[in-house]
Amino acid sequence: MLTDLYIQNYALISKLELELGKGFYVLTGETGAGKSILIGALSLILGQRADVKSIKPGTEKCVVEATFDISAYSFSGFFEENDIDYYRQCSLRREVLASGKSRTFINDTPVSLSVLKDLAAQLIDIHSQHQNLLLSDSRFQLRALDDLSNHQPLLAEYSATFLTYRSIEDQLNELIVQAEKSKADEEYFRFQYNQLTEVKLSENEQVELEEEFNMLTHAEEIKSGMCKIGETLSGDGFSILQLLKETTQTAIALAKIYPSSEEIAARIETCYIELKDLAAEACAKAESVDFDPERLQQINDRLNQIYSLQQRHRVQTVAELLAIEHNLKERIYSVEHLDEQIEILRKRSENQLALLRASGEKISENRKKSAQLLEKNLEEQLAYLGMPTIRFTVDFERKNMPGANGLDEIKFLFSANKNMPLQPVAETASGGEISRLMLCIKALIANTTALPTII
């Protein structure tokens, strides 16, 4: 409720202070008396464009400040969101400078013009014939009926249920799209997966096969080399082991006259034993290495199979191929179980829709009761305003699916003459008739909800 209005240096006004209380006020005057100047000043509070021409000549700025009692409104969230101190007495101030700039304040806190506009729109309602075009808007009609029904808790419950339902529906639709795409890809996933599983890869296989491939490819060279090592160490005649044996014997013989040679003999003996083992191992390896063209071909084919898969999947190791195989398995599993997830969400959606319809039915019942009251009271009030023959009714139409505002589509039907058929307000009512209709509707709503100051 507007309680105080202060205007300084606006148009013809040097300074004006207006105190208002509860109830109905009328400001009268001849054309040019300045009634519209007050509306123009309030329009600055409503966030309309500031014109430097509105500043009183010879002054640097104009100031318009309006104070409201907002204790009946639930605005604490707005003040918290915009980091503004909340008081039951709220002041809105607009300053327009001669430079063309303007400043806006709520409770002496600087705010953007959009923030001031958002709050002011909920505190002041300038009732004009142009604004009354709202009456032909079905959304406004539904809001008016809901305000008259005074069932905000039911609307809040319905809204929460509707949001949950929409969330489930969005998830369901997303999953259906995903399922269609995944099923289109499933055959390709399964083809790739089967290719990998049929090969039966093991993580260290590639390294082992490459080593064996190298051995078989150089089998003759390896066999010849090992034989040469064995022959050098322990072959007949002039071999390393034969020389070490003779050297050991020499060291042992010297021990009779030079005891320190015993240690040398022992160390030579150790070398002899180690080299003898090496000679035996080299000969054994030479015996074990044989060129096997059939095995070489098998290894070559297997490695080519692995290399081909690595090239196809653009990886370097068998470990990476195994990771891809695991990933494909999980994707196939997910596709196979998407239908189950879809069915679960579909049942949740059906259950939520049932709750939504039940909640919507309660709201519809309240609306129909309030519609009867609205019809009766409007006809009585409009008769008092010089429209004794009008007929007014609220037409209900059930939606196929619940919407954000319930199950109902409504239309305000109107006839200024009892002999004329009822038609939508916008199609039949004149500007003056719409103005009186809107005024009566707002008067009725004011009994059940906190309306802004109506001018």
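In the predicted model, helices α4 and α14 cross with left-handed geometry. The axes of α4, spanning residues 138-149, and α14, spanning residues 431-445, come within 9 Å, and the angle between them is roughly 35°. On the α4 side the contact involves F140, A144, D147 and L148, which meet M438, I441, L444 and I445 of α14. By class, the residues of this contact comprise seven nonpolar and one charged, with no polar member.

Three strands form an open sheet in the order β8-β9-β10, paired in antiparallel fashion. The edge positions are taken by β8 (391-403) and β10 (423-424); each has a single partner strand, so one side of each is left without a neighbour in the sheet. Strand β9 (residues 406-415) runs antiparallel to β8 and is joined to it by nine bridges. Within this pairing, T393 stands opposite L413 of β9. Helix α4 also packs on this sheet, where it touches β8 and β9, and its direction makes about 100° with that of β9.

A further open sheet contains six strands, ordered β2-β1-β3-β4-β5-β6, again with antiparallel pairing. Strand β1 (residues 2-10) is antiparallel to β2, and six bridges join the two; Y6 has E17 in β2 as its bridge partner. Helix α1 (residues 35-45) lies across β1, β2, β3 (61-69) and β4 (89-97), and runs at about 100° to β1.

Methods. Residues are numbered from 1 along each chain as its sequence is written. This is a predicted model: local features need pLDDT of at least 70, side-chain atom pairs count only at pLDDT 80 or more; totals for chains, interfaces and linings use all residues. Side-chain values use heavy atoms; hydrogens and water are left out. Axes are lines fitted to C-alpha atoms, for helices over the stretch in contact, and angles run from 0 to 180 degrees between N-to-C directions. Helices (H or I, at least four residues) and strands (E, at least two) are DSSP runs, numbered from the N terminus. A crossing is left-handed if the near helix is turned anticlockwise from the far one by less than a right angle, and right-handed if clockwise. Contact means heavy atoms within 4.5 Å. Ala, Val, Leu, Ile, Met, Phe, Trp, Tyr, Cys and Pro count as nonpolar, Asp, Glu, Lys and Arg as charged, and the others, Gly among them, as polar. Two strands pair if DSSP finds at least two bridges between them.
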